[in-house]
Amino acid sequence: MKALLAIAWKSAWNRRFTLSLTVLSIALATLLLLGVERIRTELRDNFSSAVSGTDLIVGARTGSTQLLLYSVFRIGAATNNVSWKSVQALGEHPGVAWVVPLSLGDSHRGFAVLATTTGYFEHFRYGDRQPLALRAGRPFGDGVDHLFEAVVGADVADQLGYAPGQRITLAHGTGELTTGHDDKPFTVVGVLARTGTPVDRTVHIGLEAMQALHLDWVGGAPMPGVRIPAEQVRKFDLAPKSVTAALVGLKNRAAVFSVQRWVSTYGGEPLMAILPGVALDELWQVVGVGEKALLAMSGLVALVSLGGLVSVVLAGLNERRRELAVLRAVGAGPRHVLALLALEGAIVTGLGVLLGGTLAALGIAALGPWLQSRFGLALALSAPTLNEWALLAALLAAGWLASLLPGIRAYRLSLADGLSPRI
Amino acid sequence: MSAPAVLQARALRFAWPGAPAPCIDIAQFEVAAGEAVFLHGPSGCGKSTLLSLLAGVLVADAGSVQLLGQDWRTLPAAARDRRRVAHVGYIFQQFNLLPYLSVIDNVLLPCRFSRARRSPDARAQAEQLLARMGLDAALWPRSALQLSVGQQQRVAAARALIGRPEVVIADEPTSALDEDRREAFLDVLLSACEANGSALVFVSHDRRIAGRFSRQVLLPAINRAAAPQGTHA
């Protein structure tokens, strides 16, 4: 067997140019499979870590996925708001420990603006129930003295180069065509540490500030002829009239369904409450289809590469009939010939998978920071996961099985040819 | 024929699968130990087929072919492979060598696959054979492809002889060589076989070299299946 391995290696080395192309294509397939798998798991982790520690999310009656999308992922918009009275009633419910109201709709240079209370920094959790931490500065304060203060997420700070002290202006709406709140600038007072969640891409302000911004607005546009300068807004009642949604924490999680029922039967206005975990799962089932399609696609690429391996070796087989005859003349049986080609397939696949794995590791190391800042995908270089090992093993096994095909052909050829190949 | 036969064919008949008539029909053919037999005949008279039968690559439909008293037909395929390499050295017409191995590794190939051909001094033996073949030591570590055709055939001869097999079968090994090289190759091959004590079955259609062998056999004369084709070269 050792002799055969040496011969297989030298024979393969002799045809290194053709075979290296095959190795390369297997490497690319491996890279693709590993990359997609890594991004997929990371995506899923990021996704499911977007919110935790919140028992219920309450909003105007709509689809549960839609409520989750706009309240947690800042995607889409609410069709209706929740009145401030309802939020207060919810806060007085005996089972409720805390309520963090959220108000969305404004933006800052493409980043969503979230108006909330200071309770947000205290109660919001992400990932494995991790609280928000500040990288620099402090949370925005309560009261009129701290009205125009903003706390920005890590991505906002990194991409726009913000540090505490920076003055920013917000825009009304979230699209390209936004009108300004230029007359009421904010000061960045804090920068949040990176979370890998939509929080990183959010500008946080106080609910009163949101109210102040829109004092001289009506129906989504500035009131003609009315300008209320920033220094005078404090004279007005800045209590919010309505919010987009509210995060709710319960004193006892066991009460979650009874509170949910209380919300959905609330008399004041049509409301709904969703369990974030359940809604995340539902949403993932939708998103997961695309992710599975991606994986299936990489699987197909791997299949094509292995097909390439088979065809390259098969095509070269006719030219190798001499070689096989010589081997038979010096004592190699047809089984040895089969083993020789199987070994060659194993070598080629092994090298391809090894190269692909190395490329994947290098790619993650090189592109990780960029992906993190650009897409918020936290790709870290780490040992292959169980799933990835399984993928690698499957690739190796498939490659080896594929190489048996030319092996069997060679076996037949060398049986038929004997010592005198008919070429 | 005083010496015992190393190869012995009796009432041998063989037809290729699907062929209407046999292509080999030989009543008797023997090769004695140490003998150098020249087997000749026109192309198509069954030379290659007979060699395959003698080497146990093909098995007779009827009759027997015995190598050292053992009928090939009684052995399963894997055992035939082992027995062939243990007792038979084989030289092809050309392209005898694996291009990715050095000259010396090519000579040592049978030792890798056969315990019978292996010996502790295999390397020394290979070097001795190569030297006897007139191949300079500087060539030994080179790739087989860097050699001329004549040199390659000598390496093939050294490979066929390593481990002292009882029989060396050469299938037109001189057909790719010019006259001078042919004579030189025959010189070294015949003397090495003699020194080794190996019987040589040398197939060729070139009758000019027939005189250098201890016995000449015209295949169409003993192969009744080839006889109707008549004239020979």
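How many of the 233 residues of chain B count as buried? I got 49%, where buried needs 20 or more other C-beta atoms within 10 Å of a residue's own, exposed is 12 or fewer, and partly exposed is in between, with C-beta atoms placed from the backbone.

Before going on, I noted that this is a predicted model: local features need pLDDT of at least 70, side-chain atom pairs count only at pLDDT 80 or more, and totals for chains, interfaces and linings use all residues. Residues are numbered from 1 along each chain as its sequence is written, while chains are lettered from A and ligands numbered from 1 in the order in which they are written.

Chain B, elements. I found seven helices and nine strands (DSSP runs numbered from the N terminus: H or I with at least four residues, E with at least two).

Chain B, sheet. I traced an open, antiparallel sheet of four strands, ordered E2-E1-E4-E5; strands pair if DSSP finds at least two bridges between them. Its edges are E2 (24–32) and E5 (70–71), each pairing on one side only. Between E1 (residues 5–14) and E4 (residues 62–67) of chain B I have five bridges, and B:Gln8 has B:Gln66 as its bridge partner in E4(B).

Chain A, one glycine. I looked up A:Gly363 in helix H11 (residues 334–375). Why is A:Gly363 partly exposed? Because it has 17 other C-beta atoms within 10 Å. From A:Gly363 to A:Leu381 I read 9.3 Å, C-alpha to C-alpha, across 18 residues in sequence.
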